[in-house]
Amino acid sequence: MEDLSARCVRVDPESAPSVSYLSMIERGKRVPSAGMLAVIAAVFQKEVDWFLDDVPEDQAITPEKGRRGGINGMALEPSFLFSKDILQIAIPEMLSQTGITGRQFAHLLIRAHQEHHQNHFPDLERAAEEVGHKRLPLALEDILDIAKGMGLKVKWVDRTPQDVTDEMGGTSTQLVTSFFEPPSTIYINKQLKNNPTRLKYDLSVHIGHCVLHNKDGLKSVLTTGRSQVSTEVDNTTPQSSTVNAQDILHAWRDFESSFFAGALLCPKVPFRQLLDRHGYEINVHNQVDVSASVAMRRMTVVSPYPHWHYFDAYAPGKLKAVYRGNGIPLPWGNMRLVQDPCQHWAVFRKINEASTNSSAQLSILNVDGEPRIYCCESVKVKDMASQNHVLCAGIDLNPAIEAQGEDPLEIASELQQACVTHGGEAPIPQPIKKKLMSVAKILNINWVERGIDTQARLICSRGAVCPRMPSCYEAGKSQCD
């Protein structure tokens, strides 16, 4: 009701209902005026008569979030082969033979857990709100006061970027930005004095570590660059290709502390209200003095629409961060390079563009043999190690289309055929454009409208299944680089 009231104010402040008045309408104690009903109808993109029908439609306005994410699993049959004892023997052997480290496997487990729960971790949210009191924005001085109140001391150190070899054998630049040493000292790289948004994030992560884990003896080291994750234990710790409890523990605590930091800097309700007022524009991060990465990751958490994905990509094909609450297939992985990546994904096209402005893209992708419509916004940024990378936040439009009583597969198939006919991308036909614009206005995401105004593009998860005619890949050789 808070969201609806805020949306109504944007349409017509004079006729918009308050939260309390909406509650009374819902309980049958008030009847909205014609003007107020017209405002509510505009928000939901319905005719006024739709609200006057005593018989509810079968389709809901907003699809159910459900209890799990969009990632499909596999049937564990025959079940005796997937018993705990057998898995404990097989998993270390599998990791050893494939060259995957225990920590990589731990992060894969955590990502699956995160996507299964669609980024909803209420205990971590509450812990951050108790510390930050839901203040938005939090100034650097506020973060330092919180740290001081917890008995934490901040010391400055000199650290310069270093070349490191990543999991796939590539060389990249990495910078240690901060680390925590028990019982109460946070060491901060002096370079963060010129980057207050990163400084706030690092401090928030360490505060989260102390709140959630009672300042235990774990050394928490934060880095920036093409590392697999932004929070890691000390890199001097030898990494084993087998799974052990310490790997899982370290990776999980890294995730918890990072999630806590986002919730502290962008508390759920105030940040959602801010996003709603600005149509989920990426540049809203400037208003709350956080990085675009923090703001975009928090979008996937606070939005009432559950079908989001988020990528953080480095060239030539390194996904540093991945979230797929909508089950979108990965074009590239973060454990190995693929030989036939689709170059038409917005996140990877953006890597090779000179422009640093954000850009929206509407895409059609076959998932499990059926076309789905996705829309995303991408922006190129530079990390503290001076490396370019691209942040991309996107949504699956099919559930929203279905919630409006339309057939998403029919619309996606028609749009897909239009793109095939025009060599892989095409203007959106006007009847489809009208339906998609209605959905975009209900979602209140401005970049979805911008994506609809551009040409739709065909994308694929691998070049071997390229839907374009002619295919981008012929005889195993890419033609679209």
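**Figure 1. A negative surface patch formed by E402, D407, E410 and E414.** In this predicted model, local features require a pLDDT of at least 70 and side-chain atom pairs count only at pLDDT 80 or more, whereas totals for chains, interfaces and linings use all residues. Residues are numbered from 1 along each chain as its sequence is written, and side-chain values use heavy atoms, with hydrogens and water left out. Patches are made of residues with over 30% relative accessible area and no salt bridge, like charges being joined within 9 Å and nonpolar side chains (Val, Leu, Ile, Met, Phe, Trp, Tyr) within 5 Å. Asp and Glu count as negative and Lys and Arg as positive, while His and the chain ends are not counted; the place of a charge is taken as NZ of Lys, CZ of Arg, CG of Asp or CD of Glu. Accessible areas come from the Shrake-Rupley method with a 1.4 Å probe, and for residues only the protein chains shown count as cover. E410 lies in helix α15, residues 408–421, where helices (H or I, at least four residues) and strands (E, at least two) are DSSP runs numbered from the N terminus. E410 counts as exposed because its relative accessibility is 51%, with exposed meaning over 50%, buried under 20% and partly exposed in between (1.4 Å probe, protein chains only).

**Figure 2. The salt bridge between E115 and R111 in helix α6.** A salt bridge is a side-chain nitrogen of Lys or Arg within 4 Å of a carboxyl oxygen of Asp or Glu, and for E115 and R111 the N to O distance is 3.6 Å. These two residues are separated by about one helical turn, because they stand four residues apart in helix α6 (residues 102–116). E115 is buried at 2% relative accessibility, and R111 is buried at 13%.

**Figure 3. The salt bridge between D123 and R126 in helix α7.** The side chains of D123 and R126 meet at 2.3 Å, N to O, and both residues lie in helix α7 (residues 122–132), three residues apart, or about one turn of the helix. D123 counts as exposed at 53% relative accessibility, whereas R126, with a relative accessible area of 45%, is partly exposed.

**Figure 4. The salt bridge between R198 and D202 in helix α9.** The closest N and O atoms of this pair are 2.7 Å apart, and R198 and D202, four residues apart in helix α9 (residues 196–213), are separated by about one helical turn. Both R198 and D202 are buried. Elsewhere, salt bridges that share partners join R111, E115 and R324 into one network, and a search of the whole structure finds 15 salt bridges.

**Figure 5. A nonpolar surface patch made by L144, V154 and W156.** The patch covers about 220 Å². L144, placed in helix α8 (residues 140–149), counts as partly exposed at 36% relative accessibility.
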